[in-house]
2 protein chains.
Amino acid sequence: MINRLCIIGVGLIGGSLARDLRREGLVGEVVGASRTTSNLKRALELGVIDRYDTNIAAAVKEADMVVVAVPLGAMTDIFRALRGKLDDGAVVTDVGSAKGSVLEAATDAFGEVPGFLVPAHPIAGTEHSGVDASMEGMFKDRMVILTPAPETRADAAQKVKSMWQGTGAKIIEMSASHHDEVLAATSHLPHMLAYTLVDVLGRMEERVEIFRFAAGGFRDFTRIASSDPQMWHDICFANRDALVHALEHFSDDLNQAIDAIRRGDSEAIKALFTRAKALRDEYTKNG
Amino acid sequence: MINRLCIIGVGLIGGSLARDLRREGLVGEVVGASRTTSNLKRALELGVIDRYDTNIAAAVKEADMVVVAVPLGAMTDIFRALRGKLDDGAVVTDVGSAKGSVLEAATDAFGEVPGFLVPAHPIAGTEHSGVDASMEGMFKDRMVILTPAPETRADAAQKVKSMWQGTGAKIIEMSASHHDEVLAATSHLPHMLAYTLVDVLGRMEERVEIFRFAAGGFRDFTRIASSDPQMWHDICFANRDALVHALEHFSDDLNQAIDAIRRGDSEAIKALFTRAKALRDEYTKNG
């Protein structure tokens with residue numbers, strides 16, 4: 001049970017978390033915080049939060065759980081604003097899509113990774129953003145990765161774990177660096193490809209026609225290119241090393257495939273497509 | 001009205017077309033044809049066809065409409081099998097995803113592009129294949145591109161147009177070469193990227209974990225990598241020049257994006273993502 005939850009950044013993820021915890025009766029009061037009021041007012045209207053404060057120090061007063069759900073680029077500033085303002089016993093977690101950078105931001109702001117900090121990443125969301133897109137049940141049966149540092153207190157990790165379990169999510173623990181490698185491959189790389197593809201097509205001469213003839217497959221394929229640019233910009237740079245590594249790997253393989261098509265290497269292309277289909281079918285058969 | 005429709009290749013597209021024409025009462029008899037019987041038997045069980053013949057010459061006897069719905073690599077052989085076997089007045093169309101290669105196959109088989117041939121491409125389908133995946137209503141409000149050659153008879157083109165209009169599709173005409181450029185960009189290129197991405201991830205050390213943590217966005221992004229490998233192999237080589245051109249364009253732009261991330265060019269990445277999101281949102285806002 002959380003007595004007072006402070007959500008800093010009441011958007012898609014922060015808002016959906018608050019909705020679930022309220023529905024399940026797992027939270028007393030929910031306080032929203034942000035530097036601007038528009039999204040907070042909307043969150044209040046929607047009943048996602050009980051009240052808000054644009055002063056972060058005031059917002060976290062007497063909160064026993066603080067969830068930082070802001071773009072990764074704002075993490076250091078938020079941590080700095082929290083320094084010395086948290087109640088004893090308060091636990092802080094985040095929802096960022098890269099985790100090494102969160103530990104760096106914490107070290108910058110607090111001088112070390114504080115024991116109350118439990119970096120976390122719910123593997124959920126849509127291409128939409130903002131509290132209007134938040135919904136109940138978003139985390140049900142989805143995974144939440146916790147990446148506790150050696151400094152992280154066990155009771156703090158347990159409290160964050162219990163909070164996410166309350167939404168129906170499955171909890172997994174791994175190191176921040178391992179998380180960042182895996183997510184670079186499965187999430188950050190595909191976003192780069194989708195954004196780049198749409199941009200390439202948009203700069204072709206036949207631009208209008210191209211989008212007109214884009215069928216259902218294209219719509220699905222590029223859905224993630226409708227994600228928030230600022231958030232994804234921050235993720236790319238927060239996880240730069242792992243992302244560049246994944247991108248280079250992909251680029252090499254794509255160039256090999258282009259060469260195979262150029263030289264008419266039918267077997268290589270058929271083998272590539274056959275491997276990929278078998279893999280995807282295998283790993284998505286349960287949903 | 002079609003008196004006798006022969007569908008050569010009763011799979012996802014051929015089967016769905018037959019279902020719609022039957023439902024709308026736009027066809028008398030539907031004859032299935034293929035070199036193998038398994039899919040034809042299933043099509044008969046499902047009520048998609050009235051009868052079948054594995055001898056193509058026999059199957060097209062007295063058919064006034066012949067729809068060739070086989071992978072592009074089989075097109076020349078099918079056209080050869082049709083030579084001299086068609087009724088006077090019979091119209092032949094296809095559903096291939098590349099159109100220049102269909103005109104080449106026709107020229108190979110018939111010595112010229114015959115006046116009764118109306119190359120066509122319904123922009124519809126799913127990642128599934130086979131007659132079991134066929135369904136009514138697949139073409140409703142979707143586009144069907146006709147690419148008549150100068151040799152194509154106007155009455156033949158009109159008959160194919162009417163057939164597709166009967167399924168609720170919208171008909172568009174353009175040249176085969178223009179079609180191939182546009183589809184290389186919107187469909188063949190994305191398929192190459194999806195197949196390559198899944199293959200890259202599948203060969204990473206953390207393979208099992210990577211697919212385990214792949215979220216909804218990844219599932220959508222890679223859906224087209226579950227498409228039939230043989231069919232897409234054929235498409236890639238049938239539309240090789242336009243596809244290689246689109247791939248090179250994409251590869252250049254991706255390398256520029258990788259460089260921008262490497263050198264920390266925040267503005268370039270934010271501009272890229274912002275352009276792409278605006279474009280996708282604009283072109284998909286109606287559906």
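## How the two copies are related

Copies are superposed by least squares on the C-alpha atoms of residues with pLDDT of at least 70 in both. On that basis, a rotation of 180° with 0.0 Å of shift along its axis places chain B on chain A, with an RMSD of 0.0 Å. This is the relation of a two-fold axis. Among the residues of chain B, Phe221(B) comes closest to the rotation axis, its C-alpha lying at 2.1 Å. The same surface serves both copies, since 100% of the contact residues of chain B recur in chain A.

This is a predicted model, in which local features need pLDDT of at least 70 and side-chain atom pairs count only at pLDDT 80 or more, while totals for chains, interfaces and linings use all residues. Residues are numbered from 1 along each chain as its sequence is written, and chains are lettered from A and ligands numbered from 1 in the order in which they are written.

## The contact between the chains

Two residues are in contact if their C-beta atoms, placed from the backbone, lie within 7 Å. The contact between the chains takes 73 residues from chain B and 74 residues from chain A. Six helices of chain B, α7 (176–202), α8 (207–212), α9 (216–221), α10 (229–238), α11 (240–262) and α12 (266–284), each supply at least two residues to the side that touches chain A. Helices (H or I, at least four residues) and strands (E, at least two) are DSSP runs, numbered from the N terminus.

With 17 residues, α7(B) gives the most to this side of chain B. By class, the side of chain B that touches chain A holds 42 nonpolar, 15 polar and 16 charged residues. Here Ala, Val, Leu, Ile, Met, Phe, Trp, Tyr, Cys and Pro count as nonpolar, Asp, Glu, Lys and Arg as charged, and the others, Gly among them, as polar.

Strand β2 (residues 27–33) of chain A is mostly covered, with five of its seven residues buried. A residue is buried if 20 or more other C-beta atoms lie within 10 Å of its own, exposed if 12 or fewer, and partly exposed in between; C-beta atoms are placed from the backbone.

Two strands pair if DSSP finds at least two bridges between them. Strand β1 (residues 2–8) of chain A runs parallel to β2(A) and is joined to it by six bridges; Ile7(A) stands opposite Gly32(A). The chain passes from β1(A) through helix α1 (residues 12–23) to β2(A) in a right-handed β-α-β crossover. A crossover is right-handed if, with the strands pointing away from the viewer, the path from the first strand over the helix to the second runs clockwise.

Three bridges join β2(A) to the parallel strand β3 (residues 51–53) of chain A, where Arg51(A) is the bridge partner of Val31(A). With helix α2 (residues 38–45), β2(A) and β3(A) make a right-handed β-α-β unit.

## Two buried loop residues of chain B

Glu127(B) is in the loop between β7 (120–122) and β8 (143–146) of chain B. Glu127(B) counts as buried because it has 21 C-beta neighbours inside 10 Å. Leaving out residues up to four places away in sequence, Glu127(B) touches Arg223(B), Ile224(B), Ser226(B) and Ser227(B).

Ala69(B) lies in the loop between β4 (65–68) and α4 (75–82) of chain B. Ala69(B) is buried too, because it has 23 C-beta neighbours inside 10 Å. The C-alpha atoms of Ala69(B) and Val95(B) are 5.5 Å apart, although 26 residues separate them along the chain.
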